[in-house]
Amino acid sequence: MLFGGVLELLLVAWATSRPISNLPLMILDQDQSAASREIVTALEKTGTFSLYAFVQSFDEIQDALDRGKVNAVIIIPSGFNESIVTTGGQPTLAVILNGAESIPATEALRAIEGVTREIGEKIIIQKLGLKSQDLASFNPSLRVWFNESLSEAYYTTPAELALMLEFTVLLFAALAFSRERELGTLEQLLVMPFTSLEIIIGKSIPVIIIGFFDFILMLTMIHFAFDVPVRGSLVLLLVLAFGYLLVELGKGLVISVISRTQHQAFLLVLLIGMVDFMFTGYAAPVESMPKVLQTIANIIPAHHWLFIVRGILLKGSGLDILWPNVLALAILGLIIGSASLIYVRRALD
Amino acid sequence: MSFRHLWAVTKKEINHILRDSYTLFLVLFTPTLLLLFMAYALTVDLKNIPIAVVDYDRSQISRAFVHQITAGQDLDLFAHVESMDEIEHLLMKGEIKAAVIISPKFSQDLFSLQGVPLQVIIDGTEPASGGFAVDHIGLRAEEFINDVLKEQFERRGVSLASLQPIDLRIRTWYNPSLKPRNDLIPGLISMVLGMPALSVALTMAHEREHGTMEQLMSTPIGRTELLLGKIFPYLLVGLTNVILIPALAMVWFKVPFNGSFPLFFFLSAIFLFAILSMGMIIGVFMRTQAAALALSFLLIFFPGFFLTGIFFPIASMPEIMRMESLVLPGTHYAVITRGIFLTGIGMETLWPYAIMLFGLGIVFTGIAVLFFRKKLG
């Protein structure tokens, strides 16, 4: 159980941290010219595609798309080469995207547009007799901060790390009391000469230790396996991780006392975890959500936690940047923490 | 195999579930709630992405440029700032996702065809918004620059239809607007319908944990009957959801359904058979519910989310993960679901996946029965 989370993170991160590539591409080349071959070669070189097949008919295209065998189809019309070399020619390329998988399709389109742009520039250079350096200056220069190498892992693994901590702690905490209750050993626990506070602390300690240990393990792993840096202060990260852990622990304990069985506890954790997931901005940015949801996001601890993780790992942010999030976590932690303490103690008594 | 025995186990399991109405509610509606939350989380249309601009040129042209870029709902001009320091600060705070820096010679260079001194900086920590910002800034910038350049070229006697001579005619099949919603939601549906498998793992481990397994063993009920009897109620739950959830998706999210529903129902039943038996295996191996939980998250939930090709294309995964995704029922079911919802294909195309699912179900059930005997024999 200890290493399950780490293993999972490793596998998931490995599978998801590669750029989209090897998308099956189908080509119908009705021109069979030097120009059309150039297009095909350029498409191959992007690395986004893997040539699935060269076909001769539209039926084959229909079949492949229906079966979901390809993500995109390029149709090079006859006369393509002609239209490029003659002045006043209008070169056209037809693209069919498999919309049934929108994420690869968007990426495929991006790659195709890139290739078209490049080749288009070459055509212009020829037609105008310019030098390629001249045209280069017409493209805005693009800099990507915090993730210069555009490593996919930088996008996904910090978020996965943050979420793993939440799920691990929530799950173990939620099982803490619901397990005892279900097995009927809760009464035994309560007749022992411990105060309810001592019982709570006793139950929390293993969760805290496992959670924190897991976090350190996962952090080390993504650092070494995926080269994710820790640009900010490691100490700050660990301290905040501990703080966040306590917040989720509180939530988990409340779940564990309101559930009568572990099954219930688990389903509640799943639901709550999903709500949190939605607000962390892992997949979709919170800015795009309706205003109401954006405001709610601020009271979800995981939202601030993810920002902190990304900030410290990738941006090198310090407390000067992160203080609003830390403050929010602290306040939420106090509220959730005291509420859960009161509630749990009352439930136990 | 005696059906009387099978029915006895099923009845007991159903009673067990019904007595605990709280859990029943959760088991029945978790898939629906999950779908709702996840659909909202993952299919938000990107818009209002905040960006900042530093305009060192301050000419009419540069102002028009900024205006063009921020027109519409996609990008929000968060601030017009004066320096790189402010940009850096805003990026660090995450208040902007991208910044555009217009150099002082912008209009000058543009008119004299020297180039376009423009810099775009994007926040590389968030995959979606950064890329979106770049795409949109790039698109708008290109349009703008094209217009200006065309005019300038023409003044010099060079007629240029466009700076991008190759005309791309793009058609998107099955999902013309390429809204992620339309294909992600069927994908989510396929994932969410498999949730009862987790409950199956739990209920098996439950008996072991409470020590009631031995009692069951001493009755004349056979191993296979016990296993199948335990699955059956969850199969029913699953099938109910097979009807409810697509209905919800169509009504609430306006997802199209272009195929045949009876076919979908039939194939879903086979899927449930496969994935519930996966849950069975976990339940057979684990002695406590906590362990069954952890393992089912590990083997069913997370792979179901990440490795089934719903969000991340399988073609892009490393070889090993691709092979692993093949043994996940979710992978094949995702193809089936997408196919029926979006593409409208039928059995003649989907039969290989149906066979695959059935085969997986048989294998998993076989493994579960085999190890069940060994563990408790």
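**Close-up views of a predicted two-chain model**

**View 1. A nonpolar patch on chain A.** Helix α9 (residues 196-226) of chain A gives the largest share of the nonpolar patch, 4 residues; helices (H or I, at least four residues) and strands (E, at least two) are DSSP runs, numbered from the N terminus. The patch covers about 420 Å² and is built from A:L197, A:I201, A:I205, A:I209 and A:L341. Patch members have over 30% relative accessible area and no salt bridge, with nonpolar side chains (Val, Leu, Ile, Met, Phe, Trp, Tyr) joined within 5 Å and like charges within 9 Å. Areas come from the Shrake-Rupley method with a 1.4 Å probe, and for residues only the protein chains shown count as cover. A:L341 sits in helix α14 (residues 319-348) of chain A and is partly exposed because its relative accessibility is 37% (buried means under 20% relative accessible area, exposed over 50%, partly exposed in between; 1.4 Å probe, protein chains only).

A word on the model: this is a predicted one, where local features need pLDDT of at least 70 and side-chain atom pairs count only at pLDDT 80 or more, while totals for chains, interfaces and linings use all residues. Residues are numbered from 1 along each chain as its sequence is written, chains are lettered from A and ligands numbered from 1 in the order in which they are written, and side-chain values use heavy atoms, leaving out hydrogens and water.

**View 2. A salt bridge between the chains.** Here B:D135 and A:R110 join their side chains in a salt bridge (2.6 Å, N to O), that is, a side-chain nitrogen of Lys or Arg within 4 Å of a carboxyl oxygen of Asp or Glu. The pair runs from helix α6 (residues 127-155) of chain B to helix α5 (residues 102-128) of chain A. B:D135 is partly exposed at 30%, and A:R110 is partly exposed at 35%.

**View 3. A salt bridge within chain A.** A:E180 and A:K203 meet through their side chains at 2.6 Å, N to O. A:E180 belongs to helix α7 (residues 152-183) of chain A and A:K203 to helix α9 of chain A, so the pair ties together parts 23 residues apart in sequence. A:E180 counts as buried, at 16% relative accessibility.

**View 4. Parallel strands in chain B.** Strands β1 (residues 49-55) and β2 (residues 75-81) of chain B pair in the parallel sense over 6 bridges; pairing requires at least two DSSP bridges. B:P50 has B:D76 as its bridge partner in β2(B).
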